[in-house]
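Hi,

Here is the structure I promised to pass on. Have a look at it first, and my notes follow below.

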Amino acid sequence: MLPNDPAILLSVINTKLRDQYSSLEALCDDMDVSEEEIKNKLKLLGYEYDSEQNRFR
């Protein structure tokens with residue numbers, strides 16, 4: 001289960017992308033979560049997914 005707080009979500013997602021998943025799509029497929037929902041929540045903090053670096057920045 002992923003946290004609702006966008007700041008904590010950012011930390012959790014970037015850690016998982018760094019340590020476990022090769023892409024946001026792979027993370028979302030494995031965890032059965034919406035890629036768009038994650039992107040929208042983190043956009044509230046001004047972060048966008050960078051596929052080349054495989055992290056939100």
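Leaving aside its neighbours within four places in sequence, which residues is D50 in contact with (heavy atoms within 4.5 Å)? They are R55 and R57.

Before the rest, some ground rules. This is a predicted model, where local features need pLDDT of at least 70 and side-chain atom pairs count only at pLDDT 80 or more, while totals for chains, interfaces and linings use all residues. Residues are numbered from 1 along each chain as its sequence is written, and side-chain values use heavy atoms, with hydrogens and water left out.

Back to D50: you'll find it in strand β1, residues 49–50 (strands are DSSP runs of E, at least two residues, and helices runs of H or I, at least four, numbered from the N terminus). Its side chain also reaches the backbone nitrogen of Q53, at 3.2 Å (a polar contact here is a pair of N or O atoms within 3.5 Å, one able to donate a hydrogen and the other to accept it; residues adjacent in sequence count only if both atoms are side-chain atoms).

Now for helix α1, residues 6–19. D5 caps its N-terminal end, with a side-chain oxygen 2.9 Å from the backbone nitrogen of A7. L9, L10, I13, N14 and L17 are the buried ones in α1. Their cover includes α2 (24–31), α3 (35–43), β1 and β2 (55–56).

Cheers

Terms used: Contact means heavy atoms within 4.5 Å. The expected span of a helix is 1.5 Å times one less than its number of residues. Buried means under 20% relative accessible area, exposed over 50%, partly exposed in between (1.4 Å probe, protein chains only).
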